[in-house]
There are 2 protein chains.
Amino acid sequence: MMPLTRTELKNLRALRNKKGRREQGRFLAEGVRLLEEALRYAFLPAMAYDNPLALSERGAMLVAQLRSAGVAVQDVTAKQLEAMADTRAPQGVVAVFVVPDPDPQELFERRYRKVVLCDSISDPGNLGTLIRSALAFEFEAVVLTGDAADPYSPKVVRSSAGAVFGIPVLAINVDEAVRLVQGGGYALLAASGKGSSDMNKLNRVIAGHDFLLAVGSEGHGVSDTLMEQSTMCWRITHSDAVESLNAAVAGSIIMKQVYDAGH
Amino acid sequence: MMPLTRTELKNLRALRNKKGRREQGRFLAEGVRLLEEALRYAFLPAMAYDNPLALSERGAMLVAQLRSAGVAVQDVTAKQLEAMADTRAPQGVVAVFVVPDPDPQELFERRYRKVVLCDSISDPGNLGTLIRSALAFEFEAVVLTGDAADPYSPKVVRSSAGAVFGIPVLAINVDEAVRLVQGGGYALLAASGKGSSDMNKLNRVIAGHDFLLAVGSEGHGVSDTLMEQSTMCWRITHSDAVESLNAAVAGSIIMKQVYDAGH
């Protein structure tokens, strides 16, 4: 067991914060399930750390798989592992990944045909859940505009259940999003309490086009600038006993409706 | 401004914990939006506390409405209000409610025809979101079995967006749930990755019956004891790129499908 130096540990701990992630271009994920997902999507960590004494059988198997995939796994003490982990029970293993940097140009080249656009989704749990649903319902990319949570923060990675390893996440500004619609050939489907619920109309919009599905925050909805560009506003019918649905639930329901329409 | 005594403040602070809520039979809700929802559902607090200096115009209007509904609102200092609040920004107002105690016997009398059964939903955010969706999609009650989050904890109240004020939440044990199906006349629709997605079959189950829709936790799903009683297992079709959906998303999608089937 080779102990980490103070500097190494300090750098790893810094990855729990946005500043550290930006400076180092790396992020952390911990626990057996999350790292199994990363492996499943062939998204390999740059490095992993384990405490062999704390690993379950399944955890030991994961570490063996990481090693045979060529990932350096360093044994560390329980104390050091806990110091770098975000949760109290990292299940004996933590890994460091390079933050992916997909090129927004690929959007303009329409490499992604079905895209979820998360507009100012600042709640990490909601963003992670939307990324997970996007992957589940065969969306090909997630685009972030406005005041978004960092998709590689520990909370988002966790609530995505590892889906961040399986789908590209691209941050662009609102102007770029507008250009994607105006010149890029994407239809824009915007979630809105004031929209239509006409399934035939929805089918027409999504059948013939590549499209962006825009989901807004609970407080503010999709921003006016984007709403002005929308090809169609879509409303999820529900009782007026509640004002609105949770943002991740609303986005996921529409993704499911779009998924069903295409099958 | 009449300052709260130490004992009063201590009792209020204790309501942030499950033990305190159980002992006092009361819970707290804070912030203008949540309390507006409580008023909308005519669920009046036993008592409210405000800091007039911290109230927005909308907050001041809420306090006036509370007073004219007969609720005693006591002015307190910013420091005292913060001491009892769960969030850092209670927006100048906190209220104390009596924990509702709906009689499970009403389930056996089939007073509720469409019920969501949350089986071991221990994550407060997921439970709150499910309660919110239940109200949105015209379910009439939420039943909790197994290891559930406390529906009146600050986090659940918050993530329900106040829906806890608008729908009865009943905790029963699994044996009672089984009896509801075996002798109580409820059909049991269980969410399960191994179920059917045949919409005609779903329609048949829900058209003729009062029913319980059982949603399980992400780790374990609906418990075996309940699965054995199920009239139908329902699967949300999605890509196998992910193993499962978030529990609140899965439950909400099925509630929406049931809601659509009934309209």
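Which residues in helix 7 of chain A meet which residues in helix 12 of chain A? The first legend answers this, and the others move on to further sites.

This is a predicted model, in which local features need pLDDT of at least 70, side-chain atom pairs count only at pLDDT 80 or more, and totals for chains, interfaces and linings use all residues. Residues are numbered from 1 along each chain as its sequence is written, chains are lettered from A and ligands numbered from 1 in the order in which they are written, and side-chain values use heavy atoms, with hydrogens and water left out.

**View 1. Helix 7 of chain A packs with helix 12 of chain A.** Helix 7 spans residues 124-136 and helix 12 spans residues 247-261. Helices here are DSSP runs (H or I, at least four residues), strands are runs of E (at least two), and both are numbered from the N terminus. The two axes are 9 Å apart, at an angle of about 10 degrees. Helix 7 of chain A is therefore roughly parallel to helix 12 of chain A. Angles under 35 degrees count as roughly parallel, over 145 as roughly antiparallel, 65 to 115 as roughly perpendicular and the rest as oblique. Axes are lines fitted to C-alpha atoms, for helices over the stretch in contact, and angles run from 0 to 180 degrees between N-to-C directions. From helix 7 of chain A come A:Asn126, A:Thr129, A:Leu130, A:Ser133, A:Ala134 and A:Ala136. They meet A:Ala247, A:Ala248, A:Gly251, A:Ser252, A:Met255 and A:Tyr259 in helix 12 of chain A. Contact means heavy atoms within 4.5 Å. The residues of this contact divide into seven nonpolar, five polar and no charged. Ala, Val, Leu, Ile, Met, Phe, Trp, Tyr, Cys and Pro count as nonpolar, Asp, Glu, Lys and Arg as charged, and the others, Gly among them, as polar.

**View 2. A:Phe165 sits in the largest nonpolar core.** The core has 128 residues, and A:Phe165 and B:Phe165 touch the most other members. Such a core is a set of buried Ala, Val, Leu, Ile, Met, Phe, Trp, Tyr and Cys residues joined through side-chain atoms within 4.5 Å. Buried means under 20% relative accessible area, exposed over 50%, partly exposed in between (1.4 Å probe, protein chains only). Leaving out residues up to four places away in sequence, A:Phe165 touches A:Phe27, A:Ala29, A:Leu34, A:Ala38, A:Tyr41, A:Phe43, A:Phe97 and A:Val157.

**View 3. Helix 3 of chain A has buried residues.** Helix 3 covers residues 32-40, and A:Val32, A:Leu34, A:Leu35, A:Glu37 and A:Ala38 are buried there. Their cover includes strand 1 (26-30), helix 4 (57-68), strand 4 (93-98) and helix 8 (154-159) of chain A. After helix 3 of chain A comes A:Ala42, with a positive phi near 55 degrees.

**View 4. Two salt bridges of chain A.** A salt bridge is a side-chain nitrogen of Lys or Arg within 4 Å of a carboxyl oxygen of Asp or Glu. The structure holds 22 of them over all chains. A:Glu106 pairs with A:Arg111 at 2.7 Å, N to O. A:Glu106 is buried at 18% relative accessible area, whereas A:Arg111 is exposed at 53%. A:Glu140 pairs with A:Arg113 at 2.5 Å, N to O. This pair links distant parts of the chain, 27 residues apart. A:Glu140 lies in the loop between helix 7 and strand 6 (141-145) of chain A, and A:Arg113 in the loop between helix 6 (105-108) and strand 5 (114-119) of chain A. A:Arg113 is partly exposed, at 48%.

**View 5. B:Asp210 forms a salt bridge with B:Arg110.** The closest N and O atoms are 2.5 Å apart. B:Asp210 lies in strand 9 (residues 210-216) of chain B and B:Arg110 in the loop between helix 6 (105-108) and strand 5 (114-119) of chain B, so the pair ties together parts 100 residues apart in sequence. B:Asp210 is buried at 14% relative accessibility. B:Arg110 is partly exposed, with a relative accessible area of 35%.

**View 6. A:Arg110 has a positive phi.** Most residues other than glycine have a negative phi. The phi of A:Arg110 is near 55 degrees. A:Arg110 is found in the loop between helix 6 and strand 5 of chain A, and is partly exposed at 36% relative accessible area.
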